[in-house]
Amino acid sequence: MSGTWEPVIGLEVHCELKTATKLFCGCRNAFGDEPNTNVCPVCLGLPGSLPVLNEGAVELAMRIGTALHCEIRPSVFHRKNYFYPDMPKDYQVSQYDAPINVGGRLELPDGSTVGIERAHLEEDTGKTGHIGGEGGRIHGAAHSLVDYNRAGVPLVEIVSRPDIFSAAQARLYAGELRAILVASGSSDGRMEEGSMRVDANVSVRPAGRAELGTRCEIKNLNSLHSLARAIEHEIGRQVALIESGERVVQQTRHWDEDQGRTVTLRSKEEAFDYRYFPEPDLVPLSPSADWVADVARSMGPMPADRRRKLTELLGEAAGGRTDQIVGVVEKDLEGLVEAAVAAGIGPALALARTANEASANPDGAREVDPISYVTILRLEQEGLLSATQAKSVLATLLDHGKESAALVAKLGEKGTPAEIAARLGFEALGDDSTARLVSDAVEANPGEWARYLEGEAKLAGFFTGIVMKASKGKANGKVVAAELERLKG
Amino acid sequence: MTAAVGRRGPALALAAAVRAGEVSAADVVEEHLAAIAGCDGELHAFLVVLADEARAAAAAVDRQVAAGEDPGPLAGVPIALKDNLCTRGIPTTCSSRILEGWKPPYDATVVERVRAAGAVAIGKTNLDEFAMGSSTENSAFGPTRNPHDPSRVPGGSSGGSAAAVASGMAPLALGSDTGGSIRQPAALCGVVGMKPTYGAVSRYGLVAFASSLDQIGPFARTVADAALLFDVIGGHDDRDSTSLDRPAPRCSSRLDDGVGGVRIGVLRELVEGEGMDPEVRGRIREAAEALAGAGASVEEVSVPELRYALPAYYLLAPAEASSNLARYDGVRYGLRVDGPDVGAMNAATRAAGFGPEVKRRIMLGTYALSAGYYDAYYGQAQKIRTLIIGALDSAYGRVDILLGATTPTTAFALGDKVDDPLAMYLNDVCTIPSNLAGHPAVSVPFGTDGLGLPVGAQLMAPALEEGLLFQVAAVLEGAAPALGLPRVAAATLGSGGRAGGEDS
Ligand SMILES: [Zn+2]
């Protein structure tokens, strides 16, 4: 991309709320059930049926608004009218000019802040499948089937301001938003299952100019990866158009993941006139000040707050380790880092083991006994376990999850860390034992040893591997290397 | 058969007799099925007669009575249901081809409530398609005729329900009123018809025409019967978000309270207004005098803002209808006319399934909501609605009840206004203000014109004043000149036309 162009991006994110039931009826809100089993007269839009607002959905929407620092306001539902077979009433109940959440912001891990225009409640549509066409496409299909299980599932649509200036930042925004949705208990944030769906509005302008260029909306972004790819591609397409003297035409474009490009879906002229008007079957929604305050009180700290706190705890060790900090907070594991640091473990080691070993088994890590966890880290810090050994015993410990405390406790609380390590079977091998294993390996492989002596240095790894295997990983790699050097003479 | 005639009304008398074991619900049903067999060939009030279901329901009532249980205040009383009220497993057509064959999987709340009160659903009645009309001529299944003169319309859109009650085919009926669809046919057929406060009766299971205006209400031959039916169907329902959070009404207890000290305002616009038939005007003046004679204070009131009501209504109602009727697209239920793609299928289905009046209103409403026109039409109409509510509120600062005509004229001939939608729309000029304001109103028969056609006097009240409304209506009913028997009348009517005026 030419350096003289600045991309400007705004994201619209639809997320399905994690309620037990749908937005306007008592049907189950569940993914993956047998088609058309979670339906009733209301969510099928049968004549005479009427919607009744799900209070739980309103509460989750308020949680999202609170997490995004929005103002929570009295709101009104509107009807958005257009014909579509997967929409039972041929209108969607949504919020239009009076949304529940207005004007917030989202802090990203890189320190930037993206403004939030609004986050409003609406109902989801069903899903259409095409039978007989190529790969489930409508083109050439003999007929279509509609599953209304998803129709009426509560959604919150979160609209960002055009405050995003690169594909990478867009990806960061979507990832952070997902973390907030999960942390606030509002949504699963699963892009693959469609519980979080992202549309991107992309335009480019000459760097330094204030007014925005003509934008295109990109749909069908099913992962953070395709979001970044699609935006990158769209920026390139628009810049190429402008630089070749053409104009960008406002339109909706579809991201084709296989082809790696965006294609025209519909132009501005083809856009629907949705004929919005206030939904007469629902009354205006005015959450009381008490309710708003209760929701705010019930919210735990958001990822940005927790990252800030963890960074402060780590001090200098935090430098250059943003990814590890983001990962630990995302997996909800900073408690382990805090416990380790409080027990005197070096912040860098505490972060590294938590970001790597603990994060590899997040379910086990959330249940592991922190004292046991810290015990292993201390053994490593004091040199009684090699890094390899510490990683291995941590893996065992994390596999035991809830029983980890028992595992360590049954060894007895008494004794030095070395004694505990011995009882665990993880004590480091003495240098003498290591030397014996090295000479055994040399004797058993005379051909390789000869080539090593002739200068084939990479064979050091071959011998180290044999020693590690024989010692079940207890040997210290540095000692093995030193012994090989000594034998070489 | 004399049990149908009671001092207060046939429904009250029937229920009392059935509860006392003096008459069996089975006999009552047979008598009304016979009445339908005798009259409905000429009137066509019913789209479907539920003979088997009614017999089974009556037998269940009789078993309850035999077991010493109370089947409820409407024990064994046959009731006709407008065919835009959902009935489980029974076709609900809204008199439209587009819903042909559709059987709702559920009952409307009001249907549940009348059944729970012991009433026996005897049939589904004809209406203007999707309740859009004032003559019941817009039915896809043919018009209903007025029992007082079968060459004339019964009014609409609940013309089938009004004709069924007037002719004696059912003592009670339910209708829906969006711009006068209960009160106008009640007036033209000489029965009592009442539209409750918006939100007083659950709309759950009423196929929507204009959601912010629709209300379900009772038809009966007497005020007491209408009050009883309203008491049964009213009260909060969790399934309707616009249902008011209030207990069931108890209007039946206020019918003897009289009008002493009640302030009645004769609403000039609904008496002297343009197009008002002089004979109708005369009856309304007599009604005012009768109320004054009974002890009410009567004064003239003018609410000039009401002249904007009709145009506002004909923007708001079609706008909501255009959205409410979008779902009839051939995808899920009812008629489907195939096409090369889904859009063509939608269009072909709707072209074949909807009649001309429904199409006209969908077009009007779609236009009124379109980008660039919303503020000028829908937005402006909403402002007028607010203006009218304010004007009526200030009138109610001076009087308790407003009195006017229900319709500008008595029943007109079939075909008279079919080709002139505007003339047809003007029929609703007197009834629309209550819908826009969400206020209750009732039409009570008050004499006839020179041809012997019934005239309806309309009483309007502020929101939630149904008790006062029925109280005044009962006095008006007592003072009304006797109405002759309809030309098409079943034996259930006895010999005196309205049962209300006599003792058994
Ligand atoms: Zn449902």
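This is a predicted model: local features need pLDDT of at least 70, side-chain atom pairs count only at pLDDT 80 or more; totals for chains, interfaces and linings use all residues.
Helices and strands are DSSP runs, a helix having at least four residues and a strand at least two, and they are numbered from the N terminus.

Is B:His44 buried or exposed? B:His44 is buried, because 22 other C-beta atoms lie within 10 Å, and the cut-off for that label is 20 or more.

Further along chain B, the loop between S3 and H5 holds B:Thr136. Here too phi is positive in a residue other than glycine, with a value near 65°. B:Thr136 counts as buried because it has 34 C-beta neighbours inside 10 Å.

A cis peptide bond links B:Ser157 to B:Gly156, with omega about 10°.

**The sheet of chain B**

Next comes an open sheet of 11 strands in chain B, with mixed pairing and the order S1-S3-S2-S4-S6-S5-S10-S11-S9-S7-S8. Which strands form its edges? They are S1 and strand S8 (297-301), each of which pairs on one side only. On average, neighbouring strands in this sheet are turned by 30° against each other, ignoring direction.

Some of the pairings can be listed side by side:

| Strands of chain B | Sense | Bridges | One bridge pair |
|---|---|---|---|
| S1 and S3 | antiparallel | three | B:Val49 and B:Gly123 |
| S5 and S10 | antiparallel | three | B:Lys195 and B:Ala441 |

Strand S5 (residues 192-195) of chain B is covered on both faces. On one side B:Val192 and B:Met194 are buried, and on the other B:Gly193 and B:Lys195 are buried as well.

H5(B) touches S1, strand S2 (78-82), S3, strand S4 (172-177), S5 and S6 of chain B, and its direction makes about 155° with that of S4(B). Helix H8 (residues 278-293) of chain B touches strand S7 (263-267), S8, strand S9 (401-405), S10 and strand S11 (454-460) of chain B. The direction of H8(B) makes about 150° with that of S9(B).

**Nonpolar cores**

How many residues does the largest nonpolar core have? It has 171, and those with the most contacts inside it are B:Ile79, B:Val120, B:Leu172, B:Ile401, B:Leu403, B:Leu459 and B:Leu476. Take B:Leu459: leaving out residues up to four places away in sequence, its contacts include B:Ile401, B:Leu403, B:Val444 and B:Leu476. There is also a second, separate core of 65 residues, and A:Leu23, A:Ala167, A:Ala174 and A:Val204 are among them.

**A helix pair in chain A**

Now for chain A. The axes of helix H10 (residues 370-381) and helix H11 (residues 387-400) of chain A come within 9 Å and cross at roughly 170°. H10(A) and H11(A) are therefore roughly antiparallel to each other, since angles over 145 degrees count that way. Residues making this contact include A:Tyr373 and A:Ile376 of H10(A), along with A:Val393 and A:Leu397 of H11(A). The residues of the contact divide into eight nonpolar, one polar and one charged.

In the loop between these two helices sits A:Leu385. A:Leu385 is buried, because 27 other C-beta atoms lie within 10 Å. The C-alpha atoms of A:Leu385 and A:Asn476 are separated by 8.9 Å, although the two residues are 91 residues apart along the chain.

**Where the chains meet**

Finally, how many residues does each chain bring to the contact between chain B and chain A? Chain B brings 33 residues and chain A brings 25 residues. On the chain B side, the elements giving two or more residues are helix H9 (309-324), helix H10 (342-353) and helix H11 (356-369). H9(B) gives the most, with three residues. The residues on this side of chain B divide into 16 nonpolar, nine polar and eight charged.

Notes. Residues are numbered from 1 along each chain as its sequence is written. Chains are lettered from A and ligands numbered from 1 in the order in which they are written. Two residues are in contact if their C-beta atoms, placed from the backbone, lie within 7 Å. Ala, Val, Leu, Ile, Met, Phe, Trp, Tyr, Cys and Pro count as nonpolar, Asp, Glu, Lys and Arg as charged, and the others, Gly among them, as polar. A nonpolar core is a set of buried Ala, Val, Leu, Ile, Met, Phe, Trp, Tyr and Cys residues joined through C-beta atoms within 7 Å. A residue is buried if 20 or more other C-beta atoms lie within 10 Å of its own, exposed if 12 or fewer, and partly exposed in between; C-beta atoms are placed from the backbone. Axes are lines fitted to C-alpha atoms, for helices over the stretch in contact, and angles run from 0 to 180 degrees between N-to-C directions. Angles under 35 degrees count as roughly parallel, over 145 as roughly antiparallel, 65 to 115 as roughly perpendicular and the rest as oblique. Two strands pair if DSSP finds at least two bridges between them.
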